[in-house]
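Reader: I am new to this structure. Please take me through it in short steps.

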Amino acid sequence: MMRTGIIGGGASGMMAALAAAEQGAQVTILERRDRVGRKLLATGNGRCNLGNLDFDPLRDYRSHDRERLPGFFSRFGTEQMLAFCRERGLYVTEKNGYLYPYSGQASTVLDFFRAELARAGAELVCDCRIDRIVRRGGGYEVFAGEEKYRFDTLVLAGGSPAGTPPREALGGYGLARSLGLFGYEMLPALTALRCRERFFKSLAGVRCPAAVTLLAEGKELCCEAGELQLTDYGISGIPVFQLSRYASEALERGKRVSALLDFFPGMGTAEWQSFCRSQYEACLGKTVSFLAEGMLHKKLAALFLAENGWKPQDKVSEAEKKRIFALLGRMRRLPVQVCSVNPVENAQVCMGGIALSEMTDELEARRLPGLYLCGELLDVDGRCGGYNLQWAWTSGRIAGTAAGHCRRDRARADRDDVPAVRPQKRGGRR
């Protein structure tokens, strides 16, 4: 029987293990933490956003080899994942295209995978910290402390540094690089941006619709709209998360990064001009604070008044018409300077990873037969909205199927009676 090892028990690792077991392989998951799938519990704000019906690989993902992504998703995409869940008894529902377990609990998805792994006979070894991997005799030996595990094929599903303490940051990526695989530096993505302006301390807690335009050296990189969250250190929320990978990359290259905040997104020029005129006329004779607070959160209104030299009790008048319109215009274009992104331990995912050019269409390392990679370890990152989990399911399914079905002539020439897993001295099995 083919012996397949899976390093990493996250979303992609669990999917890879099930796929390999379906091919008849004897599967062992080696997981660094005390149980598999822990990061899954935090996805979708605890609801587990499994995927998204509104799906376009070239729009929703980033990679240095993005043109290859449609090929992967055509083999196991959203519809295939829905069928996978339905055929095994996990009821999935959708809201505005976003896919969730009907229970509304991420724990339901984790319990589902744990049960499927048990049914497939997969061995789970937790609290297992990998020291090194050696290719030997057509297979792979994995060293973890005093323990040694021997496999015919091996799947690296060690994830990214995102959401992990600094001391654990580059575990899976470091193992892949130690085997000679080329990778792009892993940087925070889907995270908040830290800004230089001191006024953010007065805006903490504000949530409002906005469009955020990111610039590097004054050149526009991208623009996203949605609910903006203002913090005591800068900007956050879905639109900021969507463009944070570009900020990470630009800052890493030493570029000056800034953002323009538009608090009336989606309003065209003509509509905005008409709105400003009606707002001005409706507030003639009233205070500027009345005008501003009728449009924006009080904290934002106070900021714009102070930044533009107004006192709250100043009146809206014909004499101040030009200043009033300048004040309103500022609400469409507030510049802030981005000094850094939040660190990887605060990010949902990372950009970068092992280059797809190193991998075949089966996600097997071109120069290391029998070694497969999947999930966040690869140079693929998606937008918010279930896209990163879909990549975990897709890549895990492809890599696991290939690893479990790997040609028998790749098995170790020195196969003997050494068990796939030796008894643990600590940590135990789960």
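Author: One term comes before the rest: a cavity is a set of grid points where a 1.4 Å probe fits but cannot get out, and its lining residues have an atom within 4 Å of a point. Keep in mind that this is a predicted model.

Reader: How many cavities of 30 Å³ or more are there, and what volume does the largest cavity have?
Author: The count of cavities of 30 Å³ or more comes to two. For the largest cavity, the volume is about 80 Å³.

Reader: Which element gives the most to the lining of the largest cavity?
Author: The lining includes Phe 241, Gln 242, Ser 244, Arg 245 and Tyr 246, along with Arg 62 and Asp 381. Two elements give two or more residues each: strand 21 (381–382) and helix 7. With five residues, the top contributor is helix 7.

Reader: Is Arg 245 buried or exposed?
Author: Arg 245 sits in helix 7. Beyond its sequence neighbours up to four places away, Arg 245 touches Arg 62, Pro 188, Ala 189, Met 351 and Asp 381. The cut-off for buried is under 20% relative accessible area. Arg 245 has 8% relative accessibility, so Arg 245 is buried.

Reader: What about Ser 178, buried or exposed?
Author: Ser 178 lies in helix 6 (residues 171–178). To count as exposed, a residue needs over 50% relative accessible area. Ser 178 has 55%, so Ser 178 is exposed.

Reader: Which element supplies the largest share of the lining of the second largest pocket?
Author: The second largest pocket has a volume of about 160 Å³. Tyr 246, Glu 249 and Lys 219 are among the residues that line it. Strand 15 (219–230) and helix 7 (238–252) supply at least two residues each. The largest share, three residues, comes from helix 7.

Reader: How many residues of that pocket's lining are polar?
Author: The lining of the second largest pocket has five charged residues and four nonpolar ones.

Reader: At what angle do helix 1 and helix 12 cross, and in which hand?
Author: Helix 1 covers residues 11–22, and helix 12 covers residues 387–404. The axes come within 7 Å and cross at roughly 30 degrees. The crossing is right-handed.

Conventions. Residues numbered from 1 in each chain as written. Predicted model: local features only at pLDDT ≥ 70, side-chain atom pairs only at ≥ 80, totals over all residues. Heavy atoms only, no water. 1 Å grid on protein atoms, 1.4 Å probe; cavity = no way out; pocket = protein on both sides within 12 Å on 5 of 7 lines; lining within 4 Å. Points joined across faces, edges and corners; volume = space filled by probe spheres on them. Helix = DSSP H or I, 4+ residues; strand = E, 2+ residues; numbered from the N terminus. Nonpolar A, V, L, I, M, F, W, Y, C, P; charged D, E, K, R; others polar. Axes fitted to C-alpha atoms, helices over the stretch in contact; angles between N-to-C directions. Left-handed = near helix turned anticlockwise from the far one by under 90°. Buried < 20%, exposed > 50% of the residue type's maximum accessible area, 1.4 Å probe, protein only. Contact = heavy atoms within 4.5 Å.
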